[in-house]
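Subject: Structure handover

Hello,

Here is the structure I promised to pass on. Please open it and keep it beside you while you read the notes below.

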Amino acid sequence: MIITEDPLLLDDLLRLCAAAGAEPHVHHELPEPSAAGGPGAGTGWESAPLVLVGDDAARRVCGAPRRDGVFLVGRDLDDPLVWQRAVEIGAEEVLRLPDAECRLVDRIADVVEGAGRPALAVGVIGGSGGAGASTLACALALGAARAGERTILIDGDPLGGGMDVLLGGEAAEGLRWPDFAGSRGRVGAGALEESLPELHALRVLSWDRGDRVVVPPAAMRSVVAAARRRGGVVVVDLPRRVDEAVAEVLAQLDLVLMVVPGELRSVAAAGRVAAGVRMVARDVRVVVRGRCPGGLEPEAVAALLGASLAGEVPVEVGLPGRVAEGEPPGSQGRGALARFCDGFWQRALGSAQGVPA
């Protein structure tokens, strides 16, 4: 709902609604109080998912029922009384055009897409070469889908061979990372999900077999943000090198799992990786993969890296052979890897914050 009599402001708001794919209802003012209630009763004020009130109309809606999703919008950047009017109408935020156009388009588009709680976003990174991060990322995504969560698996490592290959879907129709390299601003969450290959009940964003191995940081940021807006679970397979594009992904993750073999040389390598990841990521935890003869205990590995222990994944006999035969890791819900993933999601999805303690 848009409420304004300012023709210039109305033109701007209609243009922004069109950019976000929304069809607004325009009112120049709220009707007089009715028998059913105060100003706004029966006009859509209470039912509209978003209400944009122009500066010029703020005084006329002061008596309307308080509700969420009201924004005061104007064009005068120097108005000292704007915050007072915002408080009077119970506005969540004051938006000044043109500076706040991108913010407003995003908010309108959230309504169009029905955005609710963002996805729980988990990154997986190898502390050393061959640690098994891609295997764990794949198994985690399959475990989330098996638990009934809307799941998107994102391949953030252009040199990793392709998560679609690991899932047996390299020939599946759908877009890959190079198709999004030119993305700027907001990417539609629904359109993103529908454009990706669907493999084993989850959506996968991987790399193609071409030469392009770089996606600009802005495009990486936009695509990951769109994936999160659909809710559910997002799992990202991360490269060990933290460049600007990877930093954009790390900044949007709730949790990063670092996979580290339980031996000293791998821990030493993981320490350098962890230092780069911690510069951006909010929460980094260790998953110890396997125990080498005479190697370190999982608790000792986590202590040496100064991180919490997320758990241990024992070496699973026969897993490499099954993967080579086309069975994605963890897809059958059996074995040590699948048990770790199922336990992880039970804790993560069952906690109030969405992240296991």
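The largest pocket has a volume of about 450 Å³. Twenty residues line this pocket, and D106, G185, R186, A225 and R229 are the closest to its centre. Some terms first. The search uses a 1 Å grid over the protein atoms alone. A pocket is an open set of points with protein on both sides within 12 Å along at least five of seven lines. A cavity is a set of points where a 1.4 Å probe fits but cannot get out. Lining residues have an atom within 4 Å of a point. Grid points are joined across faces, edges and corners, and a volume is the space filled by probe spheres set on the points.

This is a predicted model, in which local features need pLDDT of at least 70 and side-chain atom pairs count only at pLDDT 80 or more, while totals for chains, interfaces and linings use all residues. Residues are numbered from 1 along each chain as its sequence is written, and side-chain values use heavy atoms, with hydrogens and water left out.

**Pockets and cavity**

Which helices each supply at least two residues of the lining of the largest pocket? They are α1, α3 and α7 (217–229). Helices here are DSSP runs of H or I with at least four residues, strands are runs of E with at least two, and both are numbered from the N terminus. By class, the lining of the largest pocket has 10 nonpolar, three polar and seven charged residues. Nonpolar covers Ala, Val, Leu, Ile, Met, Phe, Trp, Tyr, Cys and Pro; charged covers Asp, Glu, Lys and Arg; the others, Gly among them, are polar.

The second largest pocket has about 320 Å³ of volume. It is lined by 15 residues, and the closest to its centre are P158, V213, P239, D243 and V246. Two or more lining residues come from α7 and from α8 (244–250). The lining of this second pocket divides into 11 nonpolar, one polar and three charged residues.

There is one cavity of 30 Å³ or more. The largest cavity holds about 30 Å³ of space. Its lining is E316, L319, R322, E327, P328, P329, G330, S331, Q332 and R334. That lining has three nonpolar, three polar and four charged residues.

**Helix packing**

Two packed helices are described by the angle between their axes and the distance between the axes. Axes are lines fitted to C-alpha atoms, for helices over the stretch in contact, and angles run from 0 to 180 degrees between N-to-C directions.

Start with α1 (residues 7–20) and α3 (residues 101–113). They pack at an angle of about 50°, with their axes 8 Å apart. That makes α1 oblique to α3. Angles under 35 degrees count as roughly parallel, over 145 as roughly antiparallel, 65 to 115 as roughly perpendicular, and the rest as oblique. The crossing of α1 and α3 is right-handed. Right-handed means that the near helix is turned clockwise from the far one by less than a right angle; anticlockwise is left-handed. From α1, the contact (heavy atoms within 4.5 Å) uses L13, R15, L16, C17 and A20. From α3 come E101, L104, V105, I108, A109 and V112. Nine of these contact residues are nonpolar, none polar and two charged.

Next, α4 (residues 133–146) and α12 (residues 335–350) pack at about 55°, with axes 9 Å apart. So α4 is oblique to α12. Their crossing is right-handed. Contact residues include L136 and A139 of α4, and F344 and W345 of α12. By class, this contact has 10 nonpolar, two polar and two charged residues.

Last, α9 (residues 264–278) and α10 (residues 298–305) pack at about 50°, with axes 9 Å apart. So α9 is oblique to α10. This crossing is right-handed. V267, A270, G271 and R278 of α9 touch V301, L304 and L305 of α10.

**Backbone details**

Where is P98 found? It sits in the loop between β5 (93–96) and α3. The peptide bond from L97 to P98 is cis, with omega near 10°. H200 is in the loop between β8 (198–199) and β9 (202–205). Phi of H200 is near 55°, a positive value in a residue other than glycine.

Best wishes
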